[in-house]
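Q: I am new to this structure and would like to learn how to read its features one at a time. Could we begin with a single residue and then widen the view?

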Amino acid sequence: MAKIIDGKKISQEIKDELKKEAAALREQGKEASLAVIQVGSDPASSIYVNNKKKACAYVGIRSVSYELPSETTQEELLGIVRELNDREDIQGILVQLPLPAQIDEDAVIRAISPQKDVDGFHPESVGRMCIGEKGFLSCTPAGIIQLLKRSGVELEGKDCVVIGRSNIVGKPMALLLLRENATVTVAHSRTRNLKEICRRADVLVVAVGKPRLITREYVKEGAVVIDVGIHRDAENKMCGDVDFADVEPVAGAITPVPGGVGPMTIAMLMNNCLEAIRSKHE
Ligand code: NAP
C-alpha cells in the first residue's frame, strides 16, 4: 500500500505559516496585495479565481478583482496591466488563463512587470529559474517540490521522470528537480518506449492532460508518483492523469486527485504574493 501524499494538509500547513508571516509584515507596515484579472466568465476559471481570492482572505493578502467582459480587447487588457504595474499599492498581478481568442496570452504575460509576476510565467522569471537566480517560481512545479520535501522524499541523485513539457508544468518541473540535484528525464508525446523510461523512475511526475493514462505498467515498484492532471470522468468524478486504483498498490507514495497537487498550486501563489513584498523590502 502506497503512502498517500496529502496535498490538502501540506498546503494548509504552508498557508498557516504564510498567514503568520503576512501578519508580521503588516505590523511593519508592509501589506501584500494581489490584483486578479478574469476576462469572460468561463465556469472553471471562475472557480479557480474564487479559490485564489478565498486563499488571499485566509492568509491576509488584500485581493482586488477585475472581472472584464469576454469581448475585452487586447489593448484594453494591456492598459489595465500597465496601470497595475505602476500602482504602488499592488504587489502581485495575476491574469487568469486561458484568455479569449482575440487576446494574445504571451503578449499579456510579457506585459506584467517581472517584479509583480506572481504566476512566474514572464520570460524573465523563467530565465531566472533556469539559471538559479532569485525570482518567482511557477506555482504548480514549486508546489510539487514542497510536497516532495515535506513528505520526506529525498531527491538528490534520484532518477526523476517528468511526462509533459508544457511551459507551465513540465519544463519548469524538470528545471526545479534538476536544482534539487535529481537526474531528470523529460518525456512527451514523441517519446519512444515511454513505459520503459517511466519504469526507471524513482519519482514519476505525470502532467500529460490525459485522464488515467498512466497505469501500473509505467511504474517501478516503490516509486513516488505525482499526478498533476485534473479531469472529470464520464460519471463526473474527478480524476488525474494516473489511474490511481491501478497504480496505488505498486507505488511507494502517490498523490490523490483531488487533494494532491491542486491545493499546492494556490498555496505557492500565496507564497509568491508574500515574496513580492519580501524581495521589495530587502
Ligand atoms: P499540456 O500543455 O496539454 O501539455 C501536455 C504535455 O503532455 C505535452 O508536453 C504533451 O507532449 C504531453 N503528452 C500528451 N500526450 C502524451 C502521451 N500520450 N504520452 C506522452 N506525453 C504526452 O498540459 P499542461 O498544461 O502541462 O497540464 C497537464 C495536466 O495538468 C492537465 O490535466 C491540466 O489540467 C493539469 N494541471 C493541473 C494543475 C494543478 O494545479 N493541479 C496546474 C496546471 C495544469 P507534446 O509537447 O509533445 O505535445
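Q: In which strand is the place of Val39?
A: The model is a predicted one, and in it Val39 belongs to strand S2, which covers residues 33–39.

Q: Is Val39 buried or exposed?
A: A residue is called buried when its relative accessible area is under 20%. Val39 has a relative accessible area of 7% and is therefore buried.

Q: Which residues is Val39 in contact with, leaving aside its neighbours within four places in sequence?
A: Contact is judged by heavy atoms within 4.5 Å. With those neighbours set aside, Val39 touches Leu68, Pro69, Ser70, Thr72, Leu77, Leu99, Pro100 and Ile103. As for Thr73, which stands 34 residues from Val39 along the chain, the C-alpha atoms of the two are separated by 9.8 Å.

Q: How should I read a helix, and which residues of helix H7 are buried?
A: An α-helix has 3.6 residues a turn, so residues three or four places apart point the same way. In helix H7, which runs over residues 170–179, the buried residues are Gly170, Pro172, Met173, Ala174, Leu176 and Leu177.

Q: What do the buried residues of H7 pack against?
A: They pack against two helices, H5 (123–131) and H6 (139–150), and also against the strands S5 (159–163), S6 (183–187) and S7 (203–206). After H7 comes Asn181, whose phi is positive, near 70°.

Q: Where does Thr255 lie, and is Thr255 buried or exposed?
A: Thr255 is found in the loop between strand S11 (253–254) and helix H10 (261–280). Its relative accessibility is 0%, so Thr255 counts as buried.

Q: Which backbone atom lies 2.9 Å from a polar atom of the side chain of Thr255?
A: It is the backbone nitrogen of Asp227. Asp227 is also among the residues in contact with Thr255 once neighbours within four places in sequence are left aside, and the others are Ile5, Leu147, Val225, Ile226, Phe244, Gly260 and Val261.

Q: How many helices and strands does the protein chain have, and how compact is the chain?
A: The secondary structure comes to ten helices and eleven strands. The radius of gyration is 19 Å, close to the 19 Å that the globule rule gives for 282 residues, so the chain is as compact as a globular protein of that length. Buried residues make up 50% of the 282 residues, and of the contacts with a separation of 6 or more, 71% join residues 24 or more positions apart.

Note on methods:
Residues numbered from 1 in each chain as written. Predicted model: local features only at pLDDT ≥ 70, side-chain atom pairs only at ≥ 80, totals over all residues. Heavy atoms only, no water. Helix = DSSP H or I, 4+ residues; strand = E, 2+ residues; numbered from the N terminus. Rg over C-alpha atoms; globule rule 2.2 N^0.38 Å. Buried < 20%, exposed > 50% of the residue type's maximum accessible area, 1.4 Å probe, protein only. Polar contact = N/O pair within 3.5 Å; in protein donor to acceptor, adjacent residues only side chain to side chain.
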